[in-house]
Amino acid sequence: EVFCMFTIRKATRDPAFYADLCPFLLSKAVHGELGEDPVFDDDRFTWFIAKVGDEVVGWSACFMKSVGAGVLAWSYVVPGHRRKGLWRQLLQLRLDSLREQGAKTVTACTKNPALKGVLGSSFVKTNDRGSWTFYSKSM
């Protein structure tokens, strides 16, 4: 499959961004997978949306927390498109974006056992808090 990737920053106030993500942001099942915290947007976030044709099949976000410190925020891949490398592609896009924005370190956290393995292969585990595992990576 060919994924069409593009980036949208909220500062553009593009209505298509919200039209694409609204079904996911209002989904109880998606929130159950992502964790207790609500997904939100502000001008710091860089979002990546993966599409096959017009269908959104995945999305993720990142932001700079402070000078030199990047954060991997939410990432979601539609169940029918998992295990095809899309999550890793979204991860790489976010890392590249943060590097371009001057990140020297990147942090992330997850409670998903599969993603713990992916992050654990290139990030250093820093701590656990409940079901969440926190990671860090020098760029």
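**View 1. Ser27 in the loop between helix H1 (15-25) and helix H2 (28-34).** Helices (H or I, at least four residues) and strands (E, at least two) are DSSP runs, numbered from the N terminus. This is a predicted model: local features need pLDDT of at least 70, side-chain atom pairs count only at pLDDT 80 or more, and totals for chains, interfaces and linings use all residues. Residues are numbered from 1 along each chain as its sequence is written, and side-chain values use heavy atoms, leaving out hydrogens and water. Ser27 has a relative accessible area of 19%, which means that Ser27 is buried (under 20%; exposed is over 50%, partly exposed in between; 1.4 Å probe, protein chains only). A polar atom of the Ser27 side chain lies 3.3 Å from the backbone nitrogen of Ala29 and 3.2 Å from that of Val30.

**View 2. The largest nonpolar core, with 21 residues.** Such a core is a set of buried Ala, Val, Leu, Ile, Met, Phe, Trp, Tyr and Cys residues joined through side-chain atoms within 4.5 Å. Residues with the most contacts inside this core include Leu72, Trp87 and Leu119. Helix H3 (86-100) is among the elements giving two or more residues, and H3 supplies the largest share, six residues.

**View 3. Strand S6 (residues 124-129) and strand S7 (residues 132-138).** The two strands run antiparallel and are joined by five bridges; strands pair if DSSP finds at least two bridges between them. Arg129 has Trp132 in S7 as its bridge partner. The hairpin has two residues between the strands, and Gly130 takes a positive phi near 65 degrees.

Notes
Polar contact = N/O pair within 3.5 Å; in protein donor to acceptor, adjacent residues only side chain to side chain.
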